[in-house]
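I opened my notebook beside the viewer today and jotted things down as I went. Here are my entries, in the order I looked.

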Amino acid sequence: MTIDWSDVFLGVIAFGALVTTVIQIGAVIAALRVAREARQMIAAVQQDVRPLVVKVNQMADEASRTLVLATAQAQKVDHLVTDLSRRAEETAAVLQQAIVTPAREGLAIVAAVRAGLGALRGWRGMTTTRRSVDEEDPLFIG
């Protein structure tokens, strides 16, 4: 029997092609399994995440409502402080007119009366001083 080397090499090539084919089929099957498991994991994650997304959306809506209410309350406080400030200024003006202005006028009247009394005392003192000066003049030796 003679061995035909071309048939041996052809057999080795065929065996190599068969092994390569088996390896490729195994790789495709493994990739399909990994893809199926990945799909299952993604579905599980989506199921777990869905309630969290719903809760986050509810929290965002509640935060938005709270922000609107807080803004409204801040505006009310601002209006209240503005009104209070305006009323305090009005009250101060009324007090100025009702109390301070008449008090100033009263103090001016009191000052005028004092000045008048002071002038009368001074005039009376001037007349007594003149008499004493007039009386002392004849006694002056000089």
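Which residues make a nonpolar surface patch of about 550 Å²? I found that I3, W5, V8, F9 and V12 make it. For my own record, patches take residues with over 30% relative accessible area and no salt bridge, joining nonpolar side chains (Val, Leu, Ile, Met, Phe, Trp, Tyr) within 5 Å and like charges within 9 Å. Accessible areas come from the Shrake-Rupley method with a 1.4 Å probe, and for residues only the protein chains shown count as cover.

A note on what I am reading: this is a predicted model, where local features need pLDDT of at least 70 and side-chain atom pairs count only at pLDDT 80 or more, while totals for chains, interfaces and linings use all residues. Residues are numbered from 1 along each chain as its sequence is written, and side-chain values use heavy atoms, with hydrogens and water left out.

Overall picture. I counted 1 helix and 0 strands in the protein chain; these are DSSP runs numbered from the N terminus, helices being H or I of at least four residues and strands E of at least two. Of the 142 residues, 0% count as buried (buried is under 20% relative accessible area, exposed over 50%, partly exposed in between, with a 1.4 Å probe and protein chains only). The accessible surface of the chain comes to about 13,000 Å², with 68% belonging to carbon and sulfur atoms.

Aromatics. My search of the whole structure gave 1 aromatic pair. The ring centres of W5 and F9 are 6.3 Å apart and the planes are at 35°, so I logged the pair as tilted (centres within 6.5 Å for Phe, Tyr and the six-membered ring of Trp; under 30 degrees is stacked, over 60 edge-to-face, the rest tilted). W5 and F9 lie 4 residues apart in helix α1 (residues 5–139), about one turn of the helix. Is W5 buried or exposed? I have W5 as exposed, because its relative accessibility is 55%.

Salt bridges. I found 3 of them, each a side-chain nitrogen of Lys or Arg within 4 Å of a carboxyl oxygen of Asp or Glu. E62 meets R65 at 2.7 Å, N to O, and the two sit 3 residues apart in helix α1. D83 pairs with R86 at 3.8 Å, and E90 meets R86 at 3.0 Å. R86 is partly exposed at 39% relative accessibility, and E90 is partly exposed at 42%.
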